[in-house]
Amino acid sequence: MIAGSSERDDDLRPVLVGQTGTLTGARWVLEGEEVLIGRGADCDIVVADRQVSRHHAKVRRAMAGFVVEDLGSKNGTHLNGRQLKGPAILQDGDVIQVALAAKLVYVGAEATQPLSFSEAAALGLGRLRLDIQAHRAWAGSTELDPPLSGPQYRLLELLYGRAGQVVTREEVIEGVWPGTAANGVSDQAIDALVRRLRERLEEVDPGQAYIATIRGHGFRLENEI
């Protein structure tokens, strides 16, 4: 369970802050193991809207901080504009959107530490993990060291955010080389970047094929346990 808004000092604990409708300005201090969000009266955060499922989503504690996940809701849960396909670690400033009915901002008390491989596996988060704020990456149980180059990391972050979905070459150009016209980056340059990123991942997690080429469409991250 969680504590709602109060006059006590909650600055040292992470909170969820309502951003829309009747929830605007409301604060919920995260101090328990699990926060249930939905339309049902038994939820910790009640969103009284027909678009919202009775038990829509939950935020739960993990070793690294807090994880948000959808509970099979009809209208979905989004994190920073992207629909959740599985559990996701919350970072300071992340925006959780519950259907189209409510937005909650996660305010972290302090920077979180990356999940261990065993915890990531238990949560179903996949073999590949990123610490977005620190620009660090782990494949299997090993951190990529030396760190990825800027273009390599931007490509990996783009694919990671769209895991299981195809990312087109045009989206790669925009994500890796923002502001560059599509005809300003050759297919050879994109293929070389993808090949080098595959090699770096293979170095620390041999035999695991993370990046699939979808001929005629683009690339897809395969991030299974």
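This is a predicted model: local features need pLDDT of at least 70, side-chain atom pairs count only at pLDDT 80 or more; totals for chains, interfaces and linings use all residues.

Me: How far apart are the end C-alpha atoms of helix α2, and what span should its residues give?
Reply: Helix α2 covers residues 150-161, which is 12 residues. The expected span is 1.5 Å times one less than the number of residues. That gives 16 Å, and the end C-alpha atoms agree, at 16 Å apart.

Me: Is Ser-53 buried or exposed?
Reply: Ser-53 sits in the loop between β4 (45-46) and β5 (57-62). The cut-off for buried is under 20%. Ser-53 has a relative accessible area of 17%, so Ser-53 is buried.

Me: Which backbone atom does the side chain of Ser-53 reach?
Reply: Beyond four places in sequence, Ser-53 touches Gly-38, Arg-39, Ser-73 and Lys-74. One of these supplies the atom: at 3.2 Å, the Ser-53 side chain reaches the backbone nitrogen of Lys-74.

Me: Which side chain makes a polar contact with the side chain of Glu-69?
Reply: Glu-69 belongs to strand β6 (residues 65-70). Its relative accessibility is 13%, so Glu-69 counts as buried. Outside four places in sequence, its contacts are Ala-57, Lys-58, Arg-60, Leu-84 and Pro-87. The polar contact, at 2.3 Å, is with the side chain of Arg-60.

Me: How far apart in space are Glu-69 and Gly-86?
Reply: In sequence, Glu-69 and Gly-86 are 17 residues apart. From C-alpha to C-alpha, the distance between Glu-69 and Gly-86 is 6.0 Å.

Conventions. Residues are numbered from 1 along each chain as its sequence is written. Side-chain values use heavy atoms; hydrogens and water are left out. Helices (H or I, at least four residues) and strands (E, at least two) are DSSP runs, numbered from the N terminus. Buried means under 20% relative accessible area, exposed over 50%, partly exposed in between (1.4 Å probe, protein chains only). A polar contact is a pair of N or O atoms within 3.5 Å; within protein, one must be able to donate a hydrogen and the other to accept it, and residues adjacent in sequence count only if both atoms are side-chain atoms. Contact means heavy atoms within 4.5 Å.
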